[in-house]
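Please keep the sequence and the coordinates at hand.

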Amino acid sequence: MTPSRRAPDNTRRNEATRKAILNAALELVGEVGYAKLSVEGIASRAGAGKQTIYRWWPSKGAVLFDALLSLSEGPEGGPGELPDTGDLESDLRAVLRATADELNDPRYSEPMRALTVEVLVDPELAADYQQRLEEPIREVKRRRLRSAQEAGQLSSELDLDVAVEMIWGPVRNRWLHRDGPLTGEYVDVVVRTALDGLRAPDTPEGATEGREDVGAPGGTG
């Protein structure tokens, strides 16, 4: 009796091809820069057809966005939750130090810079970026701050969106404009300075456990 042959698993094959394309986009943008990145080059590196890429993505910017999105996803497919040990300042220092390390790593920083530029000139990509990455990550940040707010560590009247900008904005701006070194010491000062203004009025100064003094930020930015 002739053994039966299973039909090819197109779902698995498509996912493998998709991952190969996303990895190729990240590798190539780091090697040649965004200006020289091309769909043809991505297809060649991934061992995929150019038409396959165009069937799934409208542009090289969209490919790069999905590649970066895959890096930010947690085990459940969305952005991972921020640590919540009860020590807000320590948690935020850990998160922003990890962010600084990522932004200082050329494997991630160059693709992210390229995407930032592309979002400015491509309204469709900008809308996709806002919906699929920026807003989900912002909500994760709001949840962590809301937890601190409910614990009485932050003012009950605090605008959480403004608080997110105050904490994460300086780090992103220093990286984006290259106006100073993005160091752990700088991050610690950003967190401490922001929380000094965001804490609940009746929270004693220095009440957050694990707080430690740090020196002035490096550089002049």
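## Second largest pocket

The second largest pocket is lined by W56, W57, P58, S59, A62, F65, D66, D122, E124, L125, D128 and R132. A pocket here is an open set of points on a 1 Å grid over the protein atoms alone, where a 1.4 Å probe fits, with protein on both sides within 12 Å along at least five of seven lines, and lining residues have an atom within 4 Å of a point. The elements that contribute two or more residues to this lining are α4 and α7. With four residues, α7 contributes the most. Helices are DSSP runs of H or I with at least four residues, strands are runs of E with at least two, and both are numbered from the N terminus.

The volume of the second largest pocket is about 150 Å³. Grid points are joined across faces, edges and corners, and a volume is the space filled by probe spheres set on the points. The lining comprises six nonpolar, one polar and five charged residues. Ala, Val, Leu, Ile, Met, Phe, Trp, Tyr, Cys and Pro count as nonpolar, Asp, Glu, Lys and Arg as charged, and the others, Gly among them, as polar.

## Basis and confidence

The model is predicted: local features need pLDDT of at least 70, side-chain atom pairs count only at pLDDT 80 or more, and totals for chains, interfaces and linings use all residues. Residues are numbered from 1 along each chain as its sequence is written, and side-chain values use heavy atoms, with hydrogens and water left out.

The mean pLDDT (the predictor's confidence in each residue, from 0 to 100) is 85 for the protein, and 82% of its residues reach 70 or more. Confidence is lowest in helix α1 (residues 10–32), with a mean of 86, and highest in helix α2 (residues 39–46), at 97. Contact means heavy atoms within 4.5 Å.

## Overall fold

The protein has nine helices and zero strands. Of its 221 residues, 40% count as buried; buried means under 20% relative accessible area, exposed over 50%, and partly exposed in between (1.4 Å probe, protein chains only). Among contacts between residues at least 6 apart in sequence, 66% join residues at least 24 apart.

The accessible surface comes to about 12800 Å², and 49% of this belongs to carbon and sulfur atoms. Areas come from the Shrake-Rupley method with a 1.4 Å probe; for residues, only the protein chains shown count as cover.

## Largest pocket

The largest pocket holds about 1100 Å³ of space. Its lining has 33 residues, and the closest to the pocket centre are T99, E102, I137, K141 and R172. Two or more lining residues come from each of α4 (60–72), α5 (88–103), α6 (106–121), α7 (123–150) and α8 (160–177).

Which element gives the most to the lining of the largest pocket? Helix α8 does, with eight residues. By class, the lining divides into 20 nonpolar, six polar and seven charged residues.

## Selected residues

T52 is in helix α3 (residues 50–56) and is buried, with a relative accessible area of 17%. Leaving aside neighbours within four places in sequence, T52 contacts T17 and I21. A67, in helix α4, counts as buried because its relative accessibility is 0%. A67 contacts L22 and L26, again leaving aside neighbours within four places. A67 and L22 are 45 residues apart in sequence, with their C-alpha atoms 4.7 Å apart in space.

R113 sits in helix α6 and counts as buried, at 13% relative accessibility. Not counting residues up to four places away in sequence, R113 touches W175, L176 and R178. The C-alpha atoms of R113 and L176 are 7.5 Å apart, while 63 residues separate them in sequence. R178 lies in the loop between α8 and α9 (184–198) and counts as exposed, at 58% relative accessibility. Most residues other than glycine have a negative phi. The phi of R178 is near 55°, a positive value in a residue other than glycine.
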